[in-house]
Amino acid sequence: MAEKTIQTHDAYSADLFKDAEKNPENLVVVKNLKKYFPIKSSFFKLTVGNVKAVDGVSFVIKKGTTMGLVGESGCGKSTIGRTILRLIDKTEGEVFFNGKDVFKLSKRELRHARPDIQIIFQDPYSSLSPRIPVGEIIGEAVREHNIVPKEEYDDYITRVMEACGLAEYHKDRYPHEFSGGQRQRICIARALALNPDFILCDEPVSALDVSIQAQIINLLRDLQKQFGLTYLFISHDLSVVEHISDTVGVMYLGNLVEYAETDKLFSKPLHPYTKALFSAIPVPDPDYKMNRIILEGSIPSPANPPSGCKFHTRCRECMEVCKYCAPDFIEVEPEHYCACHLYDSPERQAELGKVMEEQKRAEQAAEAGQK
Amino acid sequence: MSDKEELKKTSVGEPEEKENKKKKTSYISAKDSRRITKFNRKITKKLERDREQAGRNPAAYTTKMRDPNNVVEFDNMCTYFFSDVGTVKAVDGISFDVPKCSTVGVVGESGCGKSVTSLSLMQLLQRPAGQTVGGEIRLNMGDGTALNIVNTPIDKMQELRGNYISMIFQEPMTALNPVFRIGRQVNEVIELHNPDMTEEEVKARTLEMLELVGIANKEGVYQMYPHELSGGMRQRVCIAIALACRPGLIIADEPTTALDVTIQAQILDLLQNLKDKINSSIMLITHDLGVVAGMADYVVVMYAGRVIEKGTADDIFHHPAHPYTIGLMKSKPVVGKKVDELYNIPGSVPNPVDMPNYCYFRDRCEMHCEHCSGKYPPEIRISDTHVVSCYRYYETGEILGYPKTVDVEELLKPKNQEGEGMNNG
């Protein structure tokens, strides 16, 4: 019976964005994406379990917009990013980029698609090769993919660098000669040089100082306006995400628990986890009365997540249902998705109630059998 | 038209000039390099000898507090690093107090000298390259006397660390030793400072401390290794170690930077509660203005090795006076406040080896006036608790004095004579 619940749950998430990839406005469509990392035993290398890093995530990013992805560390934010780029393989689900399934591309097609999808990494200190001058760091891929004819190559690199706030004479320098903010500009220039449609920003400002952070965020926004870029902005800093994103997804332990437009989400969070997360943001005003919802304990291990709703161990509004059934990711309000039993329809509640009863009975029977 | 062309030419020519200038400053010839190394050897030797001499004589490092209600007073403290590229003035004449039972937040960008300040207070600087060359750090001993940390000898320092001052580090992952159990690491601190305690007493104390920092499963955690704990739990253990001997001052060096928002809220709450429980002060070092606003009673804003503004939290957050503080507030996005474009402070921090002799912030400042090209601005009191270093308040405020800096070249000469004089005497 338990299996059936999971199936219905899965069916819900798969149906959610049906045919969304056929709409040309949607640049990236992710449907029920799963990524499990197997845990191998030292003995015979048998798989003894799975770390469920991403466990059924669906969302849509429209062209020219920015989606923010927030959550605690270890909740699978970066894994989603890397799976969309096909830097690591998926376990299940589909990712569409420009209407094409990323995981069905052949090696050759993938190579042609690569310039369109670029990434900016978190740490500008370790993501630049210390032995290559900046001009070459930015230009290497441009030459490789023949983005511009040979004779325009030099001019093109200069133009890209200027767009990112770097000067032409920086070309011959090496990364160690630059400060953190400047290095992040180099990373942005490297991504931008391939004329991409979509840039994945994996915590691009968390290693930088506040005043430099503002420079980089402004730069990203200006470039978006100028080139019509689409971003997936991964960060754990909620204030930065609110500033830069059009839509925001909140993740908890491999699941997307809430997804909505930024204004809606910040003015009226629905999920208890989102509420707790927002109440914990430090506000730079000493008179501000902190009304913190302190979450007890820490995030459970993704190798052995709690049954039912994964958040029920720390949730304030935990109900009986939450312990047995995983909540469905439903559209509570138009364009506002949330996965929580608080917002179930009465019919669904009745359905889940039955499932829960049966599960309870099965458990009791199992216990009795053991005795 | 010709004007425009000229303009274009100059604007094209400028970067090249800049580049040449930059190359000149960052380039060190072999001769210069030898000179610097020789000088560094000479001066560090001299400073170490002076320190040893002062350490032998308790009168040389015992002083009196200016105000007995302070735990620690920094008085024109200068900490320099004698590096291969020249003398880095990491902290250059800072003065501020930490009052009893209060939280002082120290804010600034990375590289502004926040951490060096705290390391100087603990005498944990990498000697001989890093030296506190001038000024005083006075630590209240509670019996009317005070110690000048700058000259205190190492064995005396060891009594102070843990008992009077202790520190919580930024990375709980690296601050704990991965090969020892948690229990042993907390025990170690208690045993070291209370040699006459029996093993059972020490263990009881350790468990008590673990409970105090909110670890529910204290017996289990006592037996665990650090890798078995999450980041938040590790930071709790670090706090337990820091508080084990009930120090009067806790230095928290970016205690929540490596943690998530929800865990950060837990840890900050815990620190605030513990501070009241054991009646100590906290020196909270951070770059997050939000954290400071929620925790601190007093705030010190540092920029390029100097204190540019200090006052109560209310002063700093509601009436920021220094252009840098104002810029810092504006450049941080705040949840619930929509702005189209974030303000950004143009330019970057000046090179610490070669600081200008005018206000360090002038070149990035949008409000600078002709005064600013003169001497470095003095500390100016603009209200009872609010002190700022900016010429914009030169006419209206009460001038307290200029930060005292140490000329390293001078340091070598007169101190030599002094040393000889003492030897003769």
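D55(A) is buried, at a relative accessible area of 16%, where buried means under 20% relative accessible area, exposed over 50% and partly exposed in between (1.4 Å probe, protein chains only). D55(A) forms a salt bridge with K310(A), with the closest N and O atoms 3.0 Å apart; a salt bridge is a side-chain nitrogen of Lys or Arg within 4 Å of a carboxyl oxygen of Asp or Glu. This is a predicted model in which local features need pLDDT of at least 70 and side-chain atom pairs count only at pLDDT 80 or more, while totals for chains, interfaces and linings use all residues. Residues are numbered from 1 along each chain as its sequence is written, chains are lettered from A and ligands numbered from 1 in the order in which they are written, and side-chain values use heavy atoms, with hydrogens and water left out.

**Salt bridges**

- Over all chains, the structure holds 29 salt bridges.
- Helices (H or I, at least four residues) and strands (E, at least two) are DSSP runs, numbered from the N terminus.
- K310(A) counts as buried, at 10% relative accessibility.
- In chain B, D50(B) and K46(B) form a salt bridge whose closest N and O atoms are 3.1 Å apart. Both residues lie in helix α2 of chain B, four residues apart, which is about one turn of the helix.
- D50(B) counts as buried at 19% relative accessibility, and K46(B) is buried with a relative accessible area of 6%.
- R138(B) and E136(B) meet through their side chains in a salt bridge of 2.7 Å, N to O. R138(B) is buried at 6% relative accessibility, whereas E136(B) is partly exposed at 24%.
- E136(B) and R138(B) belong with E73(B) and D75(B) to one network, joined by salt bridges that share partners.

**Aromatic rings**

- There are 14 aromatic pairs over all chains. Rings of Phe, Tyr and Trp (its six-membered ring) pair if their centres lie within 6.5 Å; planes under 30 degrees apart count as stacked, over 60 as edge-to-face and the rest as tilted.
- Y252(A) and F311(A) have ring centres 5.0 Å apart and planes at 80°, so the pair is edge-to-face.
- Y252(A) lies in strand β9 (residues 247–252) of chain A and F311(A) in the loop between α10 (272–279) and β11 (330–333) of chain A, so this pair ties together parts that are 59 residues apart in sequence.
- Y252(A) counts as buried at 2% relative accessibility, and F311(A) is buried with a relative accessible area of 2%.
- One aromatic cluster is formed by F59(A), Y259(A), F329(A) and Y337(A).

**Charged surface patches in chain B**

- A patch of negative charge on the surface gathers E188(B), E191(B), D196(B), E199(B), E200(B) and E201(B). Patches are made of residues with over 30% relative accessible area and no salt bridge, with like charges joined within 9 Å and nonpolar side chains (Val, Leu, Ile, Met, Phe, Trp, Tyr) within 5 Å.
- Lys and Arg count as positive and Asp and Glu as negative, while His and the chain ends are not counted. The place of a charge is taken as NZ of Lys, CZ of Arg, CG of Asp or CD of Glu.
- Helices α7 (182–193) and α8 (199–212) of chain B each supply at least two residues of the negative patch. The most comes from α8(B), with three residues.
- E191(B) is found in helix α7 of chain B and is partly exposed, with a relative accessible area of 41%.
- K38(B), R41(B), K42(B), K45(B) and R49(B) form a positive surface patch.
- R49(B) sits in helix α2 (residues 30–56) of chain B and counts as partly exposed at 47% relative accessibility. Accessible areas come from the Shrake-Rupley method with a 1.4 Å probe; for residues, only the protein chains shown count as cover.

**Backbone: positive phi**

- Most residues other than glycine have a negative phi.
- N195(A), although not a glycine, has a positive phi of about 55°. N195(A) lies in the loop between α6 (180–192) and β7 (198–202) of chain A.
- R246(B), also not a glycine, has a positive phi of about 50°. R246(B) lies in the loop between α10 (231–243) and β8 (249–253) of chain B and is partly exposed, with a relative accessible area of 38%.
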